[in-house]
Amino acid sequence: MSTPPIPATSESETLQWSDAFLLGFAPMDDIHHEFVELVGQLQTAPEAQLPALLEAFIVHAQKHFDEEKAWMVETDFPARDCHIDEHAAVMNSVLEVRGLLAQGNSTICRELADELARWFPGHADYLDSALSHWMCQKRLGGKPVVLRRNVASAA
């Protein structure tokens with residue numbers, strides 16, 4: 001009996017949800033929570049589960065990016081082109097990896113998951129936080145209120 005391959009990412013590097021990711025626009029926070037969960041699963045799942053997980057991630061990412069695009073277009077968000085272009089680049093990479101995974105290259109799928117884990121925090125901090133502020137202003141007339149639990153202070 002052979003031992004299944006160990007996922008490329010250690011537990012300490014696995015993307016996990018934290019209230020530090022909260023941006024204060026609940027629909028976005030909800031979809032980001034799902035994104036983080038799926039990326040973490042891609043990083044740590046047994047190799048046999050990667051094709052199904054990558055398909056679930058593709059469905060999620062398309063819905064996620066389409067929803068954010070709709071918000072940006074409907075509200076005339078000033079930085080929408082850059083944001084939409086970044087999402088398109090991510091989807092292109094994910095779809096390319098889908099083809100490589102279908103050919104048996106699970107290593108590239110792990111590398112994609114690790115890259116998504118590195119990419120997401122910066123994307124959320126800059127592009128998505130600006131969109132969150134914009135959406136709260138447009139829908140609620142003010143800035144987002146974010147209550148974070150168990151997040152280490154920067155002091």
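These are numbered notes on a predicted model of one protein chain.

1. Confidence. The chain averages a pLDDT of 88, and 88% of the residues score at least 70. Residues 1-12 are the stretch to treat separately: pLDDT stays under 50 there. For that segment the model has 10 contacts beyond four places in sequence.

2. Overall build. The secondary structure comes to four helices and zero strands. Along the sequence the pattern reads α-α-α-α. The helices are H1 (26-44), H2 (50-74), H3 (80-102) and H4 (106-140). Of the 155 residues, 39% are buried. Among contacts with a separation of 6 or more, 74% join residues 24 or more positions apart.

3. Main core. The largest nonpolar core has 28 residues. Leu42, Leu54, Phe57 and Leu116 touch the most other members. H1, H2, H3 and H4 each supply at least two residues of this core. H4 gives the most, with eight. Leu116 shows how the parts meet: beyond four places in sequence, Leu116 touches Phe35, Val39, Phe57 and Val90. In soluble globular proteins, nonpolar side chains tend to be buried together.

4. Second core. A separate core holds nine residues. Phe25, Met28, Met135 and Cys136 are among them.

5. H2. The buried residues of H2 include Leu50, Leu53, Leu54, Phe57, Ile58 and Ala61. After H2 comes Asp76, with a positive phi near 55°.

6. H3. The 23 residues of H3 should span 33 Å at 1.5 Å a residue, and the end C-alpha atoms are 33 Å apart, so the span agrees. Buried here are His83, His87, Val90, Met91, Val94, Val97 and Leu101. H2 and H4 are among the elements that cover them. Gly104 follows H3 and has a positive phi, near 100°.

7. H4, the bent helix. H4 has 35 residues. Its end C-alpha atoms are only 44 Å apart, short of the 51 Å that a straight helix would reach at 1.5 Å a residue. Where does H4 bend? The bend is at Ala124, by about 45°. Just after H4, Gly141 takes a positive phi of about 80°.

8. His87. This residue lies in H3. Is His87 buried or exposed? His87 has a relative accessibility of 3%, under the 20% cut-off, so it counts as buried. Beyond four places in sequence, His87 touches Phe65, Glu68 and His123.

9. Ser132. This residue is found in H4. Ser132 has 0% relative accessibility and therefore counts as buried. Which residues does Ser132 touch, not counting those up to four places away in sequence? They are Leu23, Gly24, Phe25, Met28 and Pro144. Phe25 and Met28 belong to the second core. A polar atom of the Ser132 side chain lies 3.5 Å from the backbone nitrogen of Phe25. Ser132 and Pro27 are 105 residues apart in sequence, yet their C-alpha atoms are 9.5 Å apart.

10. Arg139. This residue is also found in H4. Its relative accessible area is 47%, which means that Arg139 is partly exposed. Leaving aside neighbours within four places, Arg139 is in contact with Phe25 and Trp71. Arg139 and Thr75 are 64 residues apart in sequence and 9.6 Å apart in space, C-alpha to C-alpha.

Technical notes: Residues numbered from 1 in each chain as written. Heavy atoms only, no water. pLDDT = per-residue confidence, 0-100. Contact = heavy atoms within 4.5 Å. Core = buried A, V, L, I, M, F, W, Y, C linked by side-chain atoms within 4.5 Å. Buried < 20%, exposed > 50% of the residue type's maximum accessible area, 1.4 Å probe, protein only. Expected span 1.5 Å × (residues − 1). Bend = angle between axes of the 7 residues up to and from the residue. Polar contact = N/O pair within 3.5 Å; in protein donor to acceptor, adjacent residues only side chain to side chain.
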